[in-house]
Amino acid sequence: NDKGGFNNKLKEEITMRKLSLLSGILLASSLCFASPLTVEEALDAAKAYDDDYLLAQKQYADSVSITNKENSFTPSLSLNGSMSTNMGFLSSNGWNPTWQGVNASVGISTSFSFNGSLINEKKEKSLSNESSLLKLESSEDDLESTVVDGYFSIAQAKDSLALAQNSLENANAQLESIKARYDAGLASELELVQAENSVASSQYSLDSIQSQYSLLIKSFQNLTGLDLTERELIDASSIEIKELLSAKDLFTRYAYSSPSVKSLDLAARSANLSYSSTKMGYTIPSMSVSAGYTFNSSYNESTSIADGLSVSASISLPLDSYFSSSSKAIAIEKANNAAKDANVELSNALKDLEYSLESTCQSISLTVMQIENQEKIVSAFEKQYKLTEDAYYSGEVDLASLESANNSVLSAKYNLLNMKYTYIQSLYSLSRSLGVSYLDLLKEE
């Protein structure tokens with residue numbers, strides 16, 4: 001009875017110590033951290049901080065500005081002027097220097113040319129701007145990928161750190177229990193050594209994770225400029241597991257939002273437009289109009305003034321393209337083949353995306369099922385640990401059994417943690433591949 005009373009009292013004391021420590025951690029957390037930093041906030045910070053992305057933004061703005069200014073329908077305009085003077089030195093009477101006056105002229109001219117290839121200019125400018133935007137989006141996608149990976153690596157390391165800290169606290173609590181039991185003659189020296197080794201192992205694991213966590217924090221700060229000592233990230237407990245839209249629905253809604261498909265779709269539309277412009281440029285009549293005004297003045301013994309206005313127009317009908325062996329006919333054929341090839345590539349990309357979505361959705365659904373099953377496993381191991389702990393304090397099992405039960409709980413929690421982060425990172429990866437928010441992938445409740 002004395003032995004049982006001692007164990008129960010010791011057990012209660014250790015339990016209260018754990019609860020007190022946990023309360024302190026929760027209180028410190030609530031006082032030290034503001035609202036959790038979201039992935040979207042981190043990405044916005046990175047966009048404003050990353051030099052490469054800022055340069056990509058400037059290049060996009062410059063490209064669009066220049067493209068919008070270009071206009072082939074703007075006529076050419078030129079202003080010209082000339083002045084000349086003549087002097088003679090000989091005449092029939094011999095040496096007779098004579099100034100023959102000054103001739104001056106000034107003129108202005110303009111011209112305008114049109115051919116069939118200019119009909120699609122507005123569409124070509126629009127596609128050029130789309131191409132510039134795709135380059136910017138590609139730069140943003142690369143940055144987002146780095147930010148998301150860094151964010152969840154830190155969040156996962158932080159949760160792993162908490163589990164490692166909890167493991168160390170449990171190991172220290174068990175060591176104190178063993179020391180008390182050893183001093184009372186209720187535990188062997190082997191049990192004491194095992195408990196000390198367990199503390200050392202837990203401390204080593206904690207130090208390793210802490211070192212990795214510090215490196216991740218530093219790397220993330222260099223990427224975003226954010227001080228994470230002032231903000232908390234999400235943790236696994238806040239990750240909501242929701243059902244994903246079907247692969248068919250995702251494909252129907254977002255196939256043409258996918259960066260890879262958008263790029264090939266733009267290439268196909270550009271090739272189609274290039275074929276159209278090439279064909280019209282070599283088959284539709286071209287014309288040109290020009291006009292000029294000239295003013296001439298001569299100053300000699302008398303002054304004479306003359307001016308003139310000239311206007312001309314011409315039209316040309318190209319016939320080369322109607323001969324299959326001509327360079328223009330071959331150019332049209334090449335443009336047509338390029339357009340067909342681009343459309344085939346787009347069609348193949350859509351098929352690949354459809355297949356990829358099926359595979360990805362199945363993988364994410366499997367992860368969701370694994371999470372649900374792992375939560376049950378964690379609950380079962382926690383129950384097993386509690387029963388083992390009761391059995392240990394009643395002397396029914398040894399310390400090794402208690403440590404084994406504790407390790408099972410810890411391992412199960414680590415596995416659950418990894419599964420949850422795999423789930424959320426898979427969602428973000430899928431959202432990037434479709435060019436939409438990850439929230440758009442989930443079924444509405």
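T224 is a buried residue, with a relative accessible area of 3%; here buried stands for under 20% relative accessible area, exposed for over 50%, and partly exposed for anything in between, with a 1.4 Å probe and protein chains only. The model is a predicted one, in which local features need pLDDT of at least 70 and side-chain atom pairs count only at pLDDT 80 or more, while totals for chains, interfaces and linings use all residues. Residues are numbered from 1 along each chain as its sequence is written, and side-chain values use heavy atoms, with hydrogens and water left out.

T224 belongs to helix 5, which covers residues 189-224. Helices (H or I, at least four residues) and strands (E, at least two) are taken as DSSP runs and numbered from the N terminus. With neighbours within four places in sequence left aside, T224 is in contact (heavy atoms within 4.5 Å) with A42, A45, A46 and Y49.

How does the span of helix 5 agree with what its 36 residues should give? The expected span of a helix is 1.5 Å times one less than its number of residues. For helix 5 this should come to 52 Å, and its end C-alpha atoms are 52 Å apart, which agrees. Helix 5 is followed by G225, which has a positive phi, near 75 degrees.

Turning to the whole protein, the secondary structure comes to 9 helices and 4 strands. From the N terminus on, the order of elements is α-α-α-β-β-α-α-α-α-β-β-α-α. Of the 445 residues in the protein, 33% are buried. Among contacts between residues at least 6 apart in sequence, 79% join residues at least 24 apart. The protein exposes about 26300 Å², and carbon and sulfur atoms supply 54% of it; such areas come from the Shrake-Rupley method with a 1.4 Å probe, and for residues only the protein chains shown count as cover.

Strand 4 gives the largest share of the nonpolar patch, 3 residues. V106, found in strand 2, is partly exposed, with a relative accessible area of 42%.

Salt bridges come next. A salt bridge is a side-chain nitrogen of Lys or Arg within 4 Å of a carboxyl oxygen of Asp or Glu, and by this rule the count comes to 9. One of them joins the side chains of E140 and K47 at 2.6 Å, N to O. E140 lies in helix 4 (residues 121-183) and K47 in helix 2 (residues 39-49), so this pair ties together parts 93 residues apart in sequence. E140 counts as partly exposed at 21% relative accessibility, whereas K47 counts as buried at 18%.

Which helices do E375 and K420 come from? These two side chains meet in a salt bridge of 3.9 Å, N to O, with E375 in helix 8 and K420 in helix 9 (residues 399-434), 45 residues apart. E375 is partly exposed at 35% relative accessibility, and K420 is buried at 11%. K413 forms a salt bridge with E382, the closest N and O atoms being 3.4 Å apart. K413 lies in helix 9 and E382 in helix 8, so the pair ties together parts 31 residues apart in sequence. Finally, E130, D265 and R269 are linked in a network of salt bridges.
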